[in-house]
Amino acid sequence: MSETELLSRSGIVRELAQEIRSLETAQRPQGIYVSSGSESMDRCLPNCGYAAGSLVELTCERPSLFSGWGGLSLALRIARPWLDDGKYLVIVDSHRRLCAPSLAALKIPLERIIVIRTDNASDWVWGLDQALRSRAVGALITPVKDLEDRSARRLQLAVEQGGGLGILLRDRVSASRYPSWAEVQWQVRSAASKDQATGPRVMMQRWFDLELLRAPGRQSNRRIRLGIDSQGEWIGCDERKYPQSAEHLAAQLAMATPRRRDMAAG
Amino acid sequence: MVSAANAQARALGVLPGMTATQAKSIAGSLQTSSSHPGLANPGDWSWIEHDTQEDLEEIYSLAERLMQFSPLVGVESIDKILWAGRSILQPQSICIDITGLESWYGGEMAMAQALQRWLTSEGRFGCIGIADSLGQAWAVSNYAFRKHVNTWMLQIERNESSLSESLQQNPRIERIASGATWEAFRNLPIESLRLDIETVAKLHRLGIRSIESLVCLPRQSLTSRFGSRLLERIDQCLNAHPESISVRNSGQSLEVCIDFEHPVFHTDELHEALQDGIQQLCQKLDSIGHGAWRLLVRLGLEVSTMQIEQNAPRAVPSHVIQLGLFQTSNDPKHLLWLIDGCLERNPPHLGKNLGIKQILIQAPWTAPIRWKQNPLFDCQTLRYRDEAAKLIDGLAARLGRNQVVGLSLVQDPIPERQTKSKPLTGLRNDGTEQSTKRKLRKAPIEDFQKNRSMLPGTESHWTRPLQLLPTPIRIDIQLDANGTPRRGRLSCDPNKKSSASKEFETILEAIGPERIESSWWSGPTVRRSYYRVALDSGLWWWIYQDLASLQWYLHGMFH
């Protein structure tokens, strides 16, 4: 096969992927992007912000419930701008662990928090679906253990209808086992803070290493270091690496076979 | 004040009605002494804050379900002052007017037995009294079995007998024959007259403990010595003076009743009928400018004739749906959606043998629909309130009232008590009526930025973790020469359900100690030294040392 044929074929595939993407996001509020508040994070995102009506995944390496990897703090900080116009924040807290003083310190209005507790997976998916579908919900944060393909797609459709932001906290094992319908996927690692802050500022700010695993039209494996200070504000930035590009999920599905072949080839 | 105590606590001497200080001294002595036979470990006891709203919700919910036995069901009206013999100022009894209904069941005793069986099937332990007046029935139901109730309940709590076995052994039904004189109540204590603590104490000082002794006193002197309330209570109980029941289903409640000529066996037909009923109810509500705070749907079930031929009972308990709303609504689509959610979660299991004969839809509590005025200044809290109300109502209808909650701060030094979560739907502020007027007058809650609390942890994000463990986990900590934590590990990894084999993790930084001590009036003393620690793996923990046992615990994660 000549090089021209290969190029035209890849061009067709790219066009098709683009069409699938536009079809897939047709239900979503168009052109609404909300800045995370952090320049370095925004630079990694399409249109410098999170798209209204999309899902975001924060994954961690450690699956332990007792690890304290910082994902919830990051999620709350990302969610905060979505509450600015009076919308509500929904948090799934089935284990009854949330601590209100700390939420208040993050400047999250407590009167606009709805906490959902669920006992089983079907109620959990139903609750998420309803919350994401509501126009009153600016952001939703939930831990995810197992999320099968159909439920994930259901959540994606719900968030597109509601126009808010769904933030899923999951461990890497779960994220790799099940397909994701999230628009943006970060891997989060809590960084040791000793090299970042010394003296009286110790443990008044916390640092995270974030690796961008997926964002439409952006480079994946992009790494940044971000911190959150005692007032819940972003601090500092440090971009590290700009390797290969990533496509939207629809585009990935469209080009799934060549990708798998590439991966198999090493 | 101790509101309730389980079998173990009662066995140790902690009793309802006891002040927290007394209970604290008992608990404190247990903590310091060697292990008590009632407790596996000295620290195996805990205090749970009494949730008044939850109690009210339960008793009102039970009263609404009891309306299948009589249309006139109410919760006892309490006084402003606590009655002697009671530990909390809340309604605890349900009053049912059964006048003329007993013949349906084959007599008063048969009706009481049916009621008792239903209570047992609901998992409730009840005592029933039947008498001519409310005061008499109250006295016998509350005090006829008083001496034995504790023993019977202890047996059930200790699994020595089940609820149904206990009922078979002791039916707990006391019937006072019509026209009975005071002699039928002679052995009851004076507390059974619903008297306040002060009056009862005065009478006790005079050596008057039973009704028999009380009626011997000259009636004329009672008012001057004890006030007019005592005579009123005596008349209500001993002379059967009439007393009204504040019924749930009063003339003010709006309702729609649909009777079917033939029972409905299919869900589709039920849905259509409900749609019509809700539409009619909403029109009624709309005509007076009200919305429903609370909705009650009663599906009157009936067994088909096939079953009757097989000598099965024809009447079965009705299926009841109870809904509390986040804000008043008269939107038929919304209300129908909520009812559908409830039916999906708890279906009536219709079939060829079980059908619906009647649908009763009631709005026991209504209030004016909140009118909206365009705000002069932008009010963020109210902008999406209507949308949020629909979401909250829907979630609560399907998931359950207690599964959809809001958070608030509580001024308390103990971290686990600083967060209060309360259901967002169906709240009542007292035992009699929903204080809608006050709610309507209430200004919207300001955003947090304008009204910051002075609670520790609210000033800086990293001084308190975002998540607290419901039960702190024991950890092993190695200290340096200054007594500061330097290395730590979980004593037992709860994820793996095995003993610790994990190696110690180095603690890079430890900020503390932050000493936290409970107030003397709020239960047993809690004294802890908290540290915020950063592990070399980048994780942050909130740990404390219990100053009584010197054991270290992981209390929360900076998630």
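Where in chain B is the place of Ala131(B)? In this predicted model, look in the loop that runs between strand 3 (128-130) and helix 6 (134-143) of chain B. Ala131(B) counts as partly exposed because its relative accessibility is 22%, and the cut-off for buried is under 20%. Leaving out residues up to four places away in sequence, Ala131(B) touches Gln136(B), Ala137(B) and Ile176(B). Glu108(B) is 23 residues from Ala131(B) in sequence, with 9.9 Å between their C-alpha atoms.

Now hop over to helix 15 of chain B, residues 332-345. Its 14 residues reach 20 Å from first C-alpha to last, close to the 20 Å expected. Asp331(B) caps the N-terminal end of this helix, with a side-chain oxygen 3.2 Å from the backbone nitrogen of Lys333(B). Buried residues of helix 15 include His334(B), Leu335(B), Leu338(B), Ile339(B) and Cys342(B). An α-helix has 3.6 residues a turn, so residues three or four places apart point the same way. The cover over the buried residues of helix 15 includes helix 13 (267-287), strand 6 (290-303), strand 7 (319-329) and helix 17 (385-399) of chain B.

Next up is the interface with chain A. Here 67 residues of chain B are in contact with 68 residues of chain A. Leu407(B), Trp462(B) and His559(B) lose the most area on the chain B side, together 12% of what that side buries. Between the two chains, the buried area is about 5,900 Å², and carbon and sulfur atoms give 61% of it.

As for charges, the rule finds two salt bridges across this interface. Asp123(A) and Arg398(B) meet in a salt bridge at 3.3 Å, N to O. Helix 17 of chain B supplies nine residues, the largest share of the side that touches chain A. That side divides into 32 nonpolar, 20 polar and 15 charged residues.

Note on methods. Residues are numbered from 1 along each chain as its sequence is written. Chains are lettered from A and ligands numbered from 1 in the order in which they are written. This is a predicted model: local features need pLDDT of at least 70, side-chain atom pairs count only at pLDDT 80 or more; totals for chains, interfaces and linings use all residues. Side-chain values use heavy atoms; hydrogens and water are left out. Helices (H or I, at least four residues) and strands (E, at least two) are DSSP runs, numbered from the N terminus. Buried means under 20% relative accessible area, exposed over 50%, partly exposed in between (1.4 Å probe, protein chains only). Contact means heavy atoms within 4.5 Å. The expected span of a helix is 1.5 Å times one less than its number of residues. A polar contact is a pair of N or O atoms within 3.5 Å; within protein, one must be able to donate a hydrogen and the other to accept it, and residues adjacent in sequence count only if both atoms are side-chain atoms. Buried area is the accessible area (1.4 Å probe) that two parts lose on being put together, summed over both. A salt bridge is a side-chain nitrogen of Lys or Arg within 4 Å of a carboxyl oxygen of Asp or Glu. Ala, Val, Leu, Ile, Met, Phe, Trp, Tyr, Cys and Pro count as nonpolar, Asp, Glu, Lys and Arg as charged, and the others, Gly among them, as polar.
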